[in-house]
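Subject: Handover of a protein model

Dear colleague,

Please find below the structure that I am handing over to you. I would ask you to keep it open while you read the notes after it.

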Amino acid sequence: MFSFETVSNHRSSYVLAATTLASLVLGMGSGVVVVGGLQAAGTIVSQKGRTFLPDTLTLTKGEVVTIVNDDSDLLHHAYVDSPNFSFDSGDQEPGSRTPITFSEKGVFQVLCGIHPKMKLVVRVN
Ligand SMILES: [Cu+2]
């Protein structure tokens with residue numbers, strides 16, 4: 001009986017921690033976050049379960065998207081390779097945040113160099 005309660009308590013703590021983390025991420029997703037003097041706009045895309053969430057976005061030229069690797073045990077490697085805009089994140093460690101400034105109009109695919117099925121479509125107006 002004692003061991004069951006111990007397991008139960010651990011699970012509650014874990015759920016609480018996960019909920020707090022989710023609130024933090026959601027909180028960062030709304031509004032403007034200023035880190036070290038750099039201003040980042042509020043659009044957050046999560047890499048989770050080898051997918052981008054959300055997987056489509058519509059932006060205005062010059063907006064910043066911050067890609068967060070929410071897979072605790074996977075590297076990702078976001079890139080854009082189009083005629084008028086390209087970007088390469090390098091290795092994205094678990095928990096890392098990668099800002100991308102979309103400085104050109106058009107429709108762009110953000111792909112992952114490690115997981116070919118991962119795709120984020122960004123329309124920039
Ligand atoms: Cu990936």
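Residues are numbered from 1 along each chain as its sequence is written.

Confidence comes before the details. The term pLDDT stands for the predictor's confidence in each residue, on a scale from 0 to 100. The protein averages a pLDDT of 80, and 67% of the residues score at least 70. Over residues 3–37, however, pLDDT stays under 50, and the model has 13 contacts beyond four places in sequence for this stretch. Two residues are in contact if their C-beta atoms, placed from the backbone, lie within 7 Å. Where pLDDT is low, the predicted coordinates should not be read in detail.

Next comes the overall make-up. The protein contains one helix and eleven strands, and along the sequence these follow the pattern α-β-β-β-β-β-β-β-β-β-β-β. Helices (H or I, at least four residues) and strands (E, at least two residues) are DSSP runs, numbered from the N terminus. Of the contacts between residues at least 6 apart in sequence, 45% join residues at least 24 apart.

Two sheets can be described. In what follows, two strands pair if DSSP finds at least two bridges between them.

An open sheet of four strands has the order S4-S3-S6-S9, with mixed pairing. Strand S4 (51–53) and strand S9 (97–101) are at its edges; each has a single partner strand, so one side of each is left without a neighbour in the sheet. On average, neighbouring strands of this sheet are turned by 25° against each other, direction ignored. For such angles, axes are lines fitted to C-alpha atoms (for helices over the stretch in contact), and angles run from 0 to 180 degrees between N-to-C directions. Three bridges pair S3 with S4 in the antiparallel sense, and Gln47 has Phe52 in S4 as its bridge partner.

An open sheet of five strands has the order S5-S11-S10-S7-S8, again with mixed pairing. Here strand S5 (56–59) and strand S8 (85–88) hold the edge positions, each with a single partner strand, so one side of each is left without a neighbour in the sheet. S5 and S11 run parallel and are joined by four bridges; the bridge partner of Leu59 is Val124 in S11. S10 and S11 pair in the antiparallel sense over six bridges, and they form a hairpin with six residues between them. Within this pair, Leu111 stands opposite Lys119 in S11. Strand S7 (residues 78–82) also pairs with S10 in the antiparallel sense, over two bridges, and Ala78 has Cys112 in S10 as its bridge partner.

The interior is the next topic. A residue is buried if 20 or more other C-beta atoms lie within 10 Å of its own, exposed if 12 or fewer, and partly exposed in between, with C-beta atoms placed from the backbone. Of the 125 residues of the protein, 14% count as buried. A nonpolar core is a set of buried Ala, Val, Leu, Ile, Met, Phe, Trp, Tyr and Cys residues joined through C-beta atoms within 7 Å. The largest nonpolar core has 14 residues, and those with the most contacts inside it are Val45, Val65, Ile67, Val110, Leu120 and Val122. At least two residues of this core come from each of strand S3 (43–48), strand S6 (64–69), strand S10 (106–112) and strand S11 (119–124).

Which residues does Leu120 touch, not counting those up to four places away in sequence? They are Val45, Phe52, Asp55 and Val110. Leu120 is found in strand S11 and is buried, because 23 other C-beta atoms lie within 10 Å. The C-alpha atoms of Leu120 and Thr51 are separated by 8.4 Å, although the two are 69 residues apart along the chain.

Is Val121 buried or partly exposed? Val121, which also has its place in strand S11, counts as partly exposed because it has 14 C-beta neighbours inside 10 Å. Leaving out residues up to four places away in sequence, Val121 touches Asp55, Thr56, Val107 and Gln109.

Yours sincerely,
A colleague

Key
This is a predicted model: local features need pLDDT of at least 70, side-chain atom pairs count only at pLDDT 80 or more; totals for chains, interfaces and linings use all residues.
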